[in-house]
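Visitor: I am new to protein structures. Please show me this one, and let us talk it through.

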Amino acid sequence: MNQNKESRRTFLKQSAIASVAASQFSAVAPSNAYQANERIRIGIIGPGRRGFGSHVKSLIKLRNEKGVNLDITAINDVYSVHQDQAVDYIKKQTKQAPKTYADYRDLLNDKEIDAVCIATPDHWHAKQVLDSLKAGKHIYCEKPMTHHISEAMDVVDAWKKSRLVVQVGVQSTSMPIWNEVRALVNEGKLGKIVQFQAESFRNSLGGMSRHNVITKEMTPKTVDWKRWLGVEEGLAPDLPFDRATFGQWRCYWPFGYGMYSDLFVHRVTAMLKATGLMYPGRVVGGGGIFLEYDDREVTDVASIIADFHEGVQGLVSSTMISSAVPIRHLIRGHHGTIVFDKDVFGKKQAYEFIPERPQVTLNSKLKKEEVISQRVPDQTLLHFENFIDAVKAGDPAMVNNSPELGAAAVMLVNLAVLSYRNGKVFQVDEKSKQIQDGDQSWAANWEKMSKERSKPRHVAGWKAGDKGSILIPPKYQKLAGPWIDGKPPENT
């Protein structure tokens, strides 16, 4: 117990060091900060199930219970029922009536709005983020940041030029635990890290995403259907109105990618933050619809293998039809493994360090230990608070989930989707980030490094030199080597 307390103090000190995690993001010059008494005026684009239950309610809670200087001054939704619900709630909670807009672009033209929160279906995210940046608005956008990889790179480019704050809505990234673990990785506690694994298992009678209730109120009279589809913008084909398509859009490829974009993005983003990894180097995805034959297009079982240029592999695997025995979230290294608590995304932000045997580490002092991280009772509230703090400071680097981290997660999961659907392996050029079909070059590169006896590669922020990343060959290995003209290698 005392050992745990001591390790807890140590890790809290290390978490300060972990601020280097911010260095994975490109530097963006801060814009003018808000004065202490200046109110931030926010518009909500898409106050539906997530936009109302998370965005509207969290912002109102920050305003009313924590005294944060903000007002929700405008609402836009293509579904009148959701728009009316949000307006009524805001009026009741703040005694102020927000403006309503039929088109989000009219909301963006409102000069009195400082920031927007976007909680529309995935296929709208990129366009609305880019339009919001052009309009000079700070942005909180639900994950995934975009529906397509090219869109994600466009958002990163536009964000870097904008000097505006953009927070991607993976709320767990505001938990301190990832920065704590990142500090351990950088200091070499695990040795050379080689693999992470993550999951998001679920199971239900009705099927993945069918828990999103559809109602009789959803009709072409209450839903601006073509605007929701984005037909004129080229975002989706012109389809007949269907309540399931509207209310349960995550089941259909044009609008969402099922567990890949809804659940895997959460887990992947956390693992990227904890390890310091970003864009993948090689990705393959597998799975299928093995049980949920209910007109859906997305898989009910899926796995991703993502290999990184830093010499690390990421495994993500889940099923939506069996959840009693999930795999564990963990990060493996040559000297030890971090195993996250089963409820790390819930009530117990904790992890164990499990060392490798001393014959490998050459350190008998490395012991198994549990670390209880700072618990975050309401991750969503903290994530919004982080966004508001960044907006007030005028500092885009303050956010816990920047567009670059958002883009890296999009690339990883989307390549897995493309791999599954097209039967291909994809590779990503380390410098240009250009995507190409997989070939023999990936394996050949690692074999070449071995033949040249290269030093292992490390994640960004690594400070430990050769710690945990060199081999000590057995003495008999000196006998190895090609015989030339019938003669043994030198020194044998």
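Visitor: Is Gln 83 buried or exposed, and what is its relative accessible area?
Guide: This is a predicted model, where local features need pLDDT of at least 70, side-chain atom pairs count only at pLDDT 80 or more, and totals for chains, interfaces and linings use all residues. Residues are numbered from 1 along each chain as its sequence is written, and side-chain values use heavy atoms, with hydrogens and water left out. Buried means under 20% relative accessible area, exposed over 50%, and partly exposed in between (1.4 Å probe, protein chains only). Gln 83 therefore counts as buried, at 13%.

Visitor: Which helix holds Gln 83?
Guide: Helices are DSSP runs (H or I, at least four residues), and strands are too (E, at least two), numbered from the N terminus. Gln 83 lies in residues 80-94, which form helix α3.

Visitor: Which residues does Gln 83 touch, not counting residues up to four places away in sequence?
Guide: Contact means heavy atoms within 4.5 Å. With that rule, the partners of Gln 83 are Ile 75, Asn 76, Asp 77, Thr 100 and Tyr 101.

Visitor: How many residues of helix α7 are buried?
Guide: Helix α7 covers residues 177-186. Its buried residues include Trp 178, Glu 180 and Arg 182.

Visitor: Which residues does Trp 178 touch, not counting residues up to four places away in sequence?
Guide: Trp 178 is one of the buried residues of α7. Its partners are Ser 172, Thr 173, Ala 270, Met 271, Lys 273, Ala 274, Phe 340, Val 344 and Phe 345.

Visitor: What is the radius of gyration of the protein chain?
Guide: The chain has 14 helices and 16 strands. The radius is taken over C-alpha atoms, and the globule rule is 2.2 Å times the number of residues to the power 0.38. For 492 residues the rule gives 23 Å, and the chain's value is close to that, so it is as compact as a globular protein of that length: 24 Å.
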